Amino acid sequence: LAESPPLIVVSIVLPERIKQFCRGIKNSVTQSNTWCVTVGLSRSNRMAPYLNRVRFLALTRFFRLSSTWLAGKAKSAVPPIDCLLSKPGMRARLVDGNAMADSVCTEVCSEITKMTSSGRRAPNLTVVLVGDDPASHIYVTKKQNTAKRCRMNAQTIRKPSSISQDELMQLINDLNSDPTVDGLLVQLPLPNHINESTICNAVSPEKDVDGFNQINIGKYSSGHSVGFIPATPLGILEILKRCHIATFGQNVCVVGRSKHIGFPLATLLHSDRKYSELCGDATVTMCHRYTPSDQLVVMTRHADIVISATGVTGLIKGDMIKPGAVVIDVGLTKVQLPCGKSKLMGDVDFDSVSQVASLLTPVPGGVGPMTVAMLMKNTLEAAKKRFRLCREHC
């Protein structure tokens, strides 16, 4: 129904059922583009208030759905699929994560251009980098370059690995109170003498574009309020959205239960969409390192969507996938080849799974670029929220 206009269904309700029907009207068909206009058959005027209330609710929802649908058709909220690649001899279509990320960044850049043209400053993303971990330096450089390409103000604060936890906490507190900083993140991992959880919770929830603060975790875990969501799960949800992959009522198997990917992803996919459009209304199974291998095969074969984020190379084989399923590979492991060169590989055995699945994210070039793009989107949202709060209270 998402691609079809809303419908009005006219139903006739007998007098003895009108009152009961009216009480339940709010909870019926709320996730559909269909609503009901009720015509009651009664000689008594005492039913009139109930019927009027039903008509009001029905017409209000119908016109809201109509305007949303028309706006979506006119504005093209979800771009057409132009980020899928097909290769000869391969059943699965491959998601071009780089092209999709470019599309997201273009949208972010367009919004920032409108902000600055109206006299507002560009969003600011500040990254705190501790130590000399080579991989962290590469990730931070990518984030900074993408932020600048989106016309954001970006800065990196570098600190030696010898910095104490108290000193790092003081730096974060200073950045929390800095009104020019919209998005703030501390690049992980941190040196062993620093508690990562304590540092993540020190970042203000309003600036926590990584979504690691326990307040933001509590918001999306409750299902009733969504704060900032970690960029990788958000990127995966965006891939499913832009590829028009429905999650409503689907069986999803999430392999891996990390607090930054598997857990938030499983939480959002099974949550009720009436609270947030990011929620998936799916039936979710979560597997992890203690799931018996034979049971893992059963779970993945039953799933319409398989998402693996374990870091175990080649874990998901072709015979573990239901024909036509969607497979999202989040794993990223550097493997040394016999020739002495290294290669980045995912959790999925690409050769076998690509012959069974209908859609597959490659490694590299799949989920990774979307993670950085969604971090930019989170930073933009943080700036917009801060602007709204300032306008309300200033």
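Trainee: How many bridges join β10 to β11?
Mentor: Helices (H or I, at least four residues) and strands (E, at least two) are DSSP runs, numbered from the N terminus. Two strands pair if DSSP finds at least two bridges between them. The strands β10 and β11 run parallel, and the number of bridges that join them is four.

Trainee: What kind of model is this?
Mentor: Residues are numbered from 1 along each chain as its sequence is written, and side-chain values use heavy atoms, with hydrogens and water left out. Local features need pLDDT of at least 70, side-chain atom pairs count only at pLDDT 80 or more, and totals for chains, interfaces and linings use all residues, since this is a predicted model.

Trainee: Which residue of β14 is the bridge partner of V326?
Mentor: Strand β11 (residues 326-329) is joined to strand β14 (residues 359-360) by two bridges, and the two run parallel. Within β14, the bridge partner of V326 is L359.

Trainee: Are the residues on the two faces of β11 buried or exposed?
Mentor: Buried means under 20% relative accessible area, exposed over 50%, and partly exposed in between (1.4 Å probe, protein chains only). One side of β11 carries V326 and I328, and the other carries V327 and D329. Both faces are covered, and these four residues are all buried.

Trainee: How many residues are in the largest nonpolar core?
Mentor: A nonpolar core is a set of buried Ala, Val, Leu, Ile, Met, Phe, Trp, Tyr and Cys residues joined through side-chain atoms within 4.5 Å. I328 is among the residues with the most contacts inside the largest core, as are L125 and M376. The number of residues in this core is 54.

Trainee: Which residues does I328 contact, leaving aside its neighbours within four places in sequence?
Mentor: Contact means heavy atoms within 4.5 Å. With those neighbours left aside, the partners of I328 are I236, I239, L240, V306, I307, S308, T361 and V367.

Trainee: How far apart in sequence are the parts that K384 and E111 tie together?
Mentor: A salt bridge is a side-chain nitrogen of Lys or Arg within 4 Å of a carboxyl oxygen of Asp or Glu. K384 and E111 form such a pair, their closest N and O atoms being 3.0 Å apart. Because K384 lies in helix α12 and E111 in helix α3 (residues 97-117), the parts tied together are separated in sequence by 273 residues.

Trainee: What is the relative accessible area of D182?
Mentor: D182 forms a salt bridge with R386, with closest N and O atoms 3.3 Å apart. D182 lies in the loop between α5 (165-176) and β7 (183-186) and R386 in helix α12, so the pair ties together parts that are 204 residues apart in sequence. R386 counts as partly exposed at 25% relative accessibility, whereas D182 is buried, with a relative accessible area of 1%.

Trainee: How many salt bridges does the structure hold?
Mentor: One of them pairs K322 with D304, the closest N and O atoms being 2.6 Å apart. K322 is in the loop between β10 (305-308) and β11, and D304 is in the loop between α10 (293-302) and β10, so parts 18 residues apart in sequence are tied together. Salt bridges that share partners also join E107, E238 and R242 into one network. The number of salt bridges in the structure is eight.
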